[in-house]
Amino acid sequence: MFGPVRTSRQARISLFRRTPEALAAILFWMSRAFVKEDVDPPERSGRKRSASGLPPGAANYITARGATRLREELQKVRAGNANSKRVAELEQVLASVHVVDPPDPASNSVAFGATVTVKDKRGRTETYTIVGVDELDFERDVVSWISPLGKALLAADIGDWITLEDGRSAKIVKIEA
């Protein structure tokens with residue numbers, strides 16, 4: 001009744017056929033197998049998060065435009081002698097940022113700082129600019145490079161399809177520096 005399951009050689013082979021998606025998943029989990037993970041959040045382990053909210057040791061990328069705006073805000077806050085806590089926070093953020101050069105305008109690939117226009121299957125277009133976590137309040141239609149949408153955009157080229165935050169699929173139709 002519970003004997004061995006007999007399958008043909010072809011069926012056994014197809015069970016182990018690797019698709020590109022399966023291979024990517026295997027490589028992802030294999031690469032994670034040898035990484036020492038920190039199970040305690042920084043607050044419980046005694047380490048402090050940065051003023052940006054990034055975990056300790058994480059790179060804090062920012063566009064040149066965003067860095068300029070933060071410096072201008074710091075000057076205004078210092079000039080007003082209003083809030084020393086905000087001055088300290090801005091100084092800490094500015095000390096931790098890595099300014100990223102603007103993307104190559106002729107590129108067909110999405111890069112940090114690029115403005116990307118996508119078009120969904122119904123013809124609706126949306127535009128996003130990929131920025132650092134400290135510049136999300138400066139402009140409309142910006143997305144953090146560490147957000148799921150930002151990561152999807154950064155992994156794409158013009159003509160690629162991505163999934164938007166609301167689950168719609170959209171094609172990248174334009175990339176600007």
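Me: Which elements do the buried residues of H4 pack against?
Reply: In this predicted model, the residues of H4 that are buried are Gly 66, Ala 67, Leu 70, Leu 74 and Val 77. These residues cover an arc of only 100° around the axis, which puts them on the same side of H4. The partners against which the buried residues of H4 pack are strand E1 (60-63), helix H5 (84-96) and strand E2 (97-100).

Me: Which exposed residues does the face of H4 turned away from its buried side carry?
Reply: An α-helix has 3.6 residues a turn, so residues three or four places apart point the same way. On H4, the face turned away from the buried side carries the exposed residues Gln 75, Lys 76 and Ala 79.

Me: How far apart are the end C-alpha atoms of helix H4?
Reply: Helix H4 runs over residues 64-80, and at 1.5 Å a residue its 17 residues should span 24 Å.

Me: How many residues apart in sequence are the parts that the pair of Tyr 61 and Trp 145 ties together?
Reply: Tyr 61 and Trp 145 form an edge-to-face aromatic pair, with 5.1 Å centre to centre and 65° between the planes. Tyr 61 lies in strand E1, whereas Trp 145 lies in the loop between strand E5 (142-144) and helix H6 (148-154), so the pair ties together parts whose separation in sequence is 84 residues.

Me: Which residues do ring pairs link into a cluster?
Reply: A search of the whole structure finds two aromatic pairs. Ring pairs link into a cluster the residues Tyr 61, Phe 112 and Trp 145.

Methods: Residues are numbered from 1 along each chain as its sequence is written. This is a predicted model: local features need pLDDT of at least 70, side-chain atom pairs count only at pLDDT 80 or more; totals for chains, interfaces and linings use all residues. Side-chain values use heavy atoms; hydrogens and water are left out. Helices (H or I, at least four residues) and strands (E, at least two) are DSSP runs, numbered from the N terminus. The expected span of a helix is 1.5 Å times one less than its number of residues. Buried means under 20% relative accessible area, exposed over 50%, partly exposed in between (1.4 Å probe, protein chains only). The arc is that of the directions from the helix axis to the C-beta atoms. Contact means heavy atoms within 4.5 Å. Rings of Phe, Tyr and Trp (its six-membered ring) pair if their centres lie within 6.5 Å; planes under 30 degrees apart count as stacked, over 60 as edge-to-face and the rest as tilted.
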